[in-house]
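Reader: Hi! Could you walk me through this structure in plain words?

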Amino acid sequence: MSLALLEAAADPSRPWTFAFIGITFAAYLLIGWRSRVSETRGFYVAGQGVPAIANGAATAADWMSAASFLGMAGLISVKGSDGSMYLMGWTGGYVLLALLLAPYLRKFGQFTVPDFVGTRYASPTARIVAACCAIFVSLTYVAGQMKGVGVVFSRFLDVPLEAGVIIGMFIVAFFAVLGGMKGITWTQVMQYFVLIVAFLIPAFAIARILTNGDHSVPQSAFLFSDLAERLNQIQVDLGFDEYTKPFTSESRLNVLFITAALMFGTAGLPHVIVRFYTVPSVRAARWSAFWALLFIAILYTAAPAVGMFARYNLLNSLHGAKIVGVEEVAATDGRAARSLYRLESPKGADLDWAYNWQSTGLLSFADLDDSGTISLAKTSAEATIDKDIIVLSTPEVAGLPAWVIALVAAGGLAAALSTAAGLLLVISSSMAHDLYVQFIDPKASEAKKMMVGRAMIIVAICAAGWFGIHPPGFVAETVAFAFGLAAASFFPVILLGIFDSRANREGAVSGMIVGIVFTAFYIVGNQWDTIFSVTREADFVRPWYMTRWFYGISPQGIGTAGMLLNFAVTLVVSRLTPPPPKEVRELVENIRVAG
Amino acid sequence: MESDSVSENKSGREAFWRANKRLIFVLLSIWLIVSLGCGVWWIEWLNQYTIGELPLGFWIAQQGSIYTFVVLILIYAICADRLERKYGVEE
């Protein structure tokens, strides 16, 4: 505790952090209050009155989570060239959405994705299956967001993780319960601006510093400066592969499958799809997909630049740094005893940030060979660097003023809260609109439907908060696999529902089941030890069907195979069974054309 | 739902849908070639060339493909608007 107080007193960014988080949270609450709604159309699809460009910004904030904001640049920094599977995977899906799904789903114009599946295939079963998939995918995803909120609070404000999660829950509950989709949309628009500014200011600054003022724009520093060449040289000198060399961490086939699974999964995620229900027209749905990807691309093209700069800077400034002092810190507050190294760079760079970050435990040093210097060569590895500190430490590494550090904290919270809100609405609409109103109380009045919708948001927030504080072992695994499952279930069923008028109920239900079961079995088979928190030694309980990766395809990429299976099964079964009824064929004709 | 307009302009609607499918096919072919083709499958071959100070394949995988995606959606939004006007099927 005394250490925490000491840190708080010494950290000049803390008052700024309180100020920024206070101001942005007050703004979210104000927007939530002003967008409160009283009917289900406002609650679930914002009254279909959101302009294309605003929906683009909201979609971008909805999409870019705490992981995109805080984790992705670090992930790319670690993976090098192979990190492009995340960059392409999480942007390429928008082309599929814009061309193949969004305009037609907007024309269909109901409230949820299960609405479309249930109506198009004239099947309550299909609707239930779709609603359960939507709840499962969104719930696993949202748990990670709430944890992200807690981490930012505990790192920057020194409140316990639980308190951070609970504060986040109250903020989201306020605007989501009052305003539903309308409140969520307009807070997301604001959150987009907070997070993009918070990401770009440090990115521009570090580009400028590392290129000695030649390039201010990270994307152009990435392309035109000699940083890549210098980084490649350092990597080779230290015994690693070149940074720009592909397939160092994954095989070519595996990169292909993972990229594809992320792209098709993105296009099949319900919280992204429903954003396109909120615009006024089919035309606006196409244009808002353009705005969404443009807004996302601003961050996604800056992130690989930040990843590369940060790696260069870490290796360049830490390798060969002289140890000028070591402080031993006794174990406190559940933290193990550790040594804090004070370093001095032979190149004259300021390494105070390296000292400061050691107290978080995310950066640590050990002078294994007692040489008095830190070596980062592959064979010695005297530093342990957590990839999550890449974005968070950039402002300090770049020597930016304290208020920028505070802005990054506010940006991380904006990214986590906006994504959480979008996911919570999907969970609540699936439970209230698709399951409760459809099957339990079809005669519910408008007021009753609203009450159930609001109640379900509160239930979803409590569940998310609980998972955020007590993350089950499988959450980290399943967030990555949510994409595979979405690709293997929703994407083919929605696509064929629009483009293949012969696709029928039998085909869709069997396709979804085959796709999901295949993908889930492969994932569980490969990851059962982490999912059920048991050790691999207990080999006798290891399922027979999974002894090694199928053709070297990792569980992250298997969704692509599941999707192809789903397509094949749906197409074949549909043609072996009776065609869909006349109303369904008329519906398909109708949604294909705007007028 | 809108059966009057459907019967009035059936040929326009069918012609729009055919033209729309052609457009989608062309744009998605580019999407596939740039992303999974140039960004993954042929990346090592493309890396023998350079753009700016970077290997070409690496730049496409981390930057160029994303710019291409944005442009593809922009082209589709513009062309679909035109197709709807041409075949008289606007909202």
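Reader: Thanks! How far apart are the centres of domain 1 and domain 2 of chain A?
Author: The centres, taken over C-alpha atoms, are separated by 37 Å. This is a predicted model, in which local features need pLDDT of at least 70 and side-chain atom pairs count only at pLDDT 80 or more, while totals for chains, interfaces and linings use all residues. Residues are numbered from 1 along each chain as its sequence is written, and chains are lettered from A and ligands numbered from 1 in the order in which they are written.

Reader: Which residues belong to each domain of chain A?
Author: Domain 1 covers 2-313 + 404-592, and domain 2 covers 320-374. Those bounds come from an automatic or database domain assignment.

Reader: Now the two chains. How many residues does each one put into the contact?
Author: Chain A gives 44 residues and chain B gives 41 residues. Two residues are in contact if their C-beta atoms, placed from the backbone, lie within 7 Å.

Reader: And which helix of chain A gives the most to that side?
Author: That is α14(A), with twelve residues. Helices here are DSSP runs (H or I, at least four residues), strands are too (E, at least two), and both are numbered from the N terminus. The side of chain A that touches chain B has 26 nonpolar, twelve polar and six charged residues. Ala, Val, Leu, Ile, Met, Phe, Trp, Tyr, Cys and Pro count as nonpolar, Asp, Glu, Lys and Arg as charged, and the others, Gly among them, as polar.

Reader: At what angle do α14(A) and α4 of chain B pack?
Author: The angle is about 170°, and the axes of α14(A) and helix α4 (residues 56-86) of chain B are 9 Å apart. Axes are lines fitted to C-alpha atoms, for helices over the stretch in contact, and angles run from 0 to 180 degrees between N-to-C directions. So α14(A) is roughly antiparallel to α4(B). For the wording, angles under 35 degrees count as roughly parallel, over 145 as roughly antiparallel, 65 to 115 as roughly perpendicular and the rest as oblique.

Reader: Is that crossing left-handed or right-handed?
Author: α14(A) and α4(B) cross in a left-handed way. A crossing is left-handed if the near helix is turned anticlockwise from the far one by less than a right angle, and right-handed if clockwise. Among the residues in this contact are Trp287(A) and Phe290(A) of α14(A), with Phe69(B) and Tyr76(B) of α4(B). By class, the contact of α14(A) with α4(B) divides into 16 nonpolar, three polar and three charged residues.

Reader: What about α8(A) and α18(A), how are they packed?
Author: Helix α8 (residues 124-156) and helix α18 (residues 446-469) of chain A meet at about 60°, with axes 8 Å apart. α8(A) and α18(A) are therefore oblique to each other. Their crossing is right-handed. Residues that meet there include Leu139(A) and Met146(A) in α8(A), and Ala463(A) and Phe467(A) in α18(A). The contact of α8(A) with α18(A) has seven nonpolar, three polar and one charged residues.

Reader: Switching topic: is Ile184(A) buried or exposed?
Author: Ile184(A) counts as buried because it has 32 C-beta neighbours inside 10 Å. A residue is buried if 20 or more other C-beta atoms lie within 10 Å of its own, exposed if 12 or fewer, and partly exposed in between, with C-beta atoms placed from the backbone. Ile184(A) sits in helix α9 of chain A.

Reader: Which residues does Ile184(A) touch?
Author: Leaving out residues up to four places away in sequence, Ile184(A) touches Phe175(A), Ala176(A), Gly179(A), Ala421(A), Gly422(A) and Leu425(A).

Reader: How many of the residues of helix α7 of chain A are buried?
Author: Seven of the eight residues of α7 (residues 113-120) are buried, so this helix is largely enclosed by the rest of the structure. Phe116(A) and Arg120(A) are among them.

Reader: Last one: what is phi of Asn212(A)?
Author: It is near 55°, a positive value in a residue other than glycine. Most residues other than glycine have a negative phi. Asn212(A) lies in the loop between α9 (161-210) and α10 of chain A. With 8 C-beta neighbours inside 10 Å, Asn212(A) counts as exposed.
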